[in-house]
Amino acid sequence: MTQTILVLNGPNLNLLGTREPATYGSETLADITELCRCTGEANGLEIEFFQTNHEGELLDRIHSARGRCAGILINPAAWTHTSVAVRDALAAVELPVIEVHLSNVHKREAFRHYSYVAPIAVGVICGLGSHGYRLGLEHFAHLLKSRP
Ligand code: DQA
């Protein structure tokens, strides 16, 4: 049976391509969606991709993954640094979580150095641009293969 990975993107990531390209690159969210779809296909994973600027919608989508998805790859964007609610929702659904960021948040402003999500994540990938999404999905494929 194909396993589904939910790929979630937080606020302002819909603006990728035109948003601060020196920091986030020139790829659009549609390009990243396609990259995830291709990576999923190559690794036997079904990909469900979602972006929102509304925190409640993200929470609902996280809740919907329980018992249905095999893992969550999330770029929580600014909510990484602010949202106890996003962290609690991720912890509540009891699925493996990988946190991803396009930019190297540790090279940037001090307020980006703390993540509410990282302590409940399997791992964090940052600073590798869209390649981080690919690596995260490949790691899920590896994790799921090694499950009994
Ligand atoms: C980001 C980093 C966050 O600090 C920022 O708020 C974003 C994008 C990244 O992908 O590099 O919106 O998550």
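These notes cover the salt bridges and the nonpolar cores of a predicted model.

1. Basis. Local features in this predicted model need pLDDT of at least 70, and side-chain atom pairs count only at pLDDT 80 or more, whereas totals for chains, interfaces and linings use all residues. Numbering starts from 1 along each chain as its sequence is written, and side-chain values use heavy atoms, with hydrogens and water left out.

2. Salt bridges in total. The structure holds 7 salt bridges, each defined as a side-chain nitrogen of Lys or Arg within 4 Å of a carboxyl oxygen of Asp or Glu. Side chains of opposite charge can pair when their charged atoms come close.

3. E94 and R66. These two side chains form a salt bridge with an N to O distance of 3.1 Å. The pair links distant parts of the chain, 28 residues apart: E94 is in the loop between α4 (84–92) and β4 (97–101), and R66 is in the loop between α3 (55–64) and β3 (71–75). Helices (H or I, at least four residues) and strands (E, at least two) are DSSP runs, numbered from the N terminus. E94 counts as exposed because its relative accessibility is 63%; R66, at 48%, counts as partly exposed. The classes are buried (under 20% relative accessible area), exposed (over 50%) and partly exposed (in between), with a 1.4 Å probe and protein chains only.

4. E109 and its partners. E109 forms a salt bridge with R108, where the closest N and O atoms are 3.9 Å apart. E109 also meets R112 in a salt bridge, at 2.7 Å, N to O. E109 is partly exposed at 36% relative accessibility, while R108 is buried at 19% and R112 is buried at 17%.

5. A network. Salt bridges link E34, R37 and E41 in a network.

6. Largest nonpolar core. A nonpolar core is a set of buried Ala, Val, Leu, Ile, Met, Phe, Trp, Tyr and Cys residues joined through side-chain atoms within 4.5 Å. The largest has 22 residues, of which I5, V7, L13, L16, L73, L102 and Y133 touch the most other members. Two or more residues come from each of β1 (3–9), α2 (29–42), β4 and α5 (131–145); α5 gives the most, with 5 residues.

7. Leaving aside residues up to four places away in sequence, L73 touches I5, L6, V7, L8, I98, V100, Y133, G136, L137 and F140, contact meaning heavy atoms within 4.5 Å.
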